[in-house]
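Subject: Structure handover

Hello,

Here is the structure I promised to pass on. Please open it first, then read the notes below it.

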Amino acid sequence: KGEAPWPIVAVELWQTQVAFAIGILGLYAGWRGTISKMTGFYDLAGAVRYLVFGIVSGMLLAVCVDIIILSSVIISSLNIITVSLAAILIGAAESAFVLFLLARPRVFSLRASPPYGWSLGLGIGSMQACVLIYRLFDEELQSDYSGMSPVSLSLAFVIAVTSCIGHAILATWQGAEILESNRVQPFIISAIARGALTVCLVLSLFLPLMVLIAAPAIALAWGSAQSTWLPSGLTPAARQAYRRTIRQADLHRERAVRRIRGEIIDSDE
């Protein structure tokens, strides 16, 4: 019997649980930081359903990334060009799945494609992060950062947040473009962007600075996602109410931080 190209990993059960917990924390951060603020403006029950779709499909896509890309990097059977093409192919499959779900007539009629895309992307990104972190904790991985250590734990949190937010932003942008009847061009661009994000995350297991390549693009797109893409399905009146709610929430949070205990608060509400 020949040896398998990808060896059996030596990761204990508790390490596996830690890996998946960190991946889910990235999902929680993306949900609490964004989609939870839209309570009352969109059907969040539907967003939760799409989150489940994302978790299931994200695990399948993560297995493809693990078998096709990460294992090939380990055994050096593919060069960077071939790895990039494989990543773009997986990204195209993800983009097609996102387009299929967010362009369904019921979702389109509700104009819920952007927020549903955010929750769908969070689920996909969290599962891909879980598998990468699981591999990172494997001491058999040919990396200076493998195993359980403060460095690997820090890298795991960065991978989780980058993967979740990156995939969520791309899916939200696709959803916003669907409402404008733009489908082909966003599909192509998002497939390439997802491929680039996947390559950066996989290579970050060996060169942690690779994750910083994706960070600036995510930071630049964050503002547009919050101010433009996510509220794009709202009516003008609902969008104005949503922005007013966000401003009031920020004001109340600032007052809570500055408040002296026992002091009476003057409210203009």
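The largest pocket has a volume of about 250 Å³. A pocket here is an open set of points on a 1 Å grid over the protein atoms alone, with protein on both sides within 12 Å along at least five of seven lines. Points are joined across faces, edges and corners, and a volume is the space filled by probe spheres set on them.

This is a predicted model: local features need pLDDT of at least 70, side-chain atom pairs count only at pLDDT 80 or more, and totals for chains, interfaces and linings use all residues. Residues are numbered from 1 along each chain as its sequence is written, and side-chain values use heavy atoms, without hydrogens or water.

Back to the pocket. Its lining has 13 residues, and Gly166, Leu170, Ala193, Ala217 and Ile218 lie nearest the centre. Lining residues have an atom within 4 Å of a point. Helix 6 (150-179), helix 7 (184-203) and helix 8 (211-229) each give two or more residues to this lining. Helix 8 gives the most, with five. Helices are DSSP runs (H or I, at least four residues), numbered from the N terminus. By class, the pocket lining has 12 nonpolar residues, one polar and no charged. Ala, Val, Leu, Ile, Met, Phe, Trp, Tyr, Cys and Pro count as nonpolar; Asp, Glu, Lys and Arg count as charged; the others, Gly among them, are polar.

There is also a cavity, meaning a set of points where a 1.4 Å probe fits but cannot get out. The count is one cavity of 30 Å³ or more. The largest cavity has a volume of about 40 Å³. Ala62, Val65, Asp66, Gln128, Val131 and Leu132 line it. The classes are four nonpolar, one polar and one charged.

Now helix 7. How far apart are its end C-alpha atoms? They are 29 Å apart, which agrees with the 28 Å that its 20 residues should span at 1.5 Å a residue. The expected span is 1.5 Å times one less than the number of residues. Its buried residues include Pro186, Ser190, Arg194 and Cys200. Buried means under 20% relative accessible area, exposed over 50%, and partly exposed in between (1.4 Å probe, protein chains only). The buried residues of helix 7 pack against helix 2 (44-75), helix 3 (80-102), helix 5 (113-136), helix 6 and helix 8.

A few single residues deserve a look.

Ser126 lies in helix 5. Ser126 is buried, at a relative accessible area of 0%. Its side chain reaches the backbone oxygen of Gly123 at 2.9 Å. Neighbours within four places in sequence aside, Ser126 is in contact (heavy atoms within 4.5 Å) with Gly23, Leu27 and Cys164.

Leu85 sits in helix 3. At 56% relative accessibility, Leu85 is exposed. Its C-alpha atom is 9.6 Å from that of Ala196, 111 residues away along the chain.

Arg111 is found in the loop between helix 4 (105-110) and helix 5. Arg111 is not a glycine, yet has a positive phi of about 55°. Its relative accessible area is 32%, or partly exposed.

Ser181 lies in the loop between helix 6 and helix 7. Ser181 has a positive phi too, about 65°, and is not a glycine. At 57% relative accessibility, Ser181 counts as exposed.

Best wishes

Notes:
A polar contact is a pair of N or O atoms within 3.5 Å; within protein, one must be able to donate a hydrogen and the other to accept it, and residues adjacent in sequence count only if both atoms are side-chain atoms.
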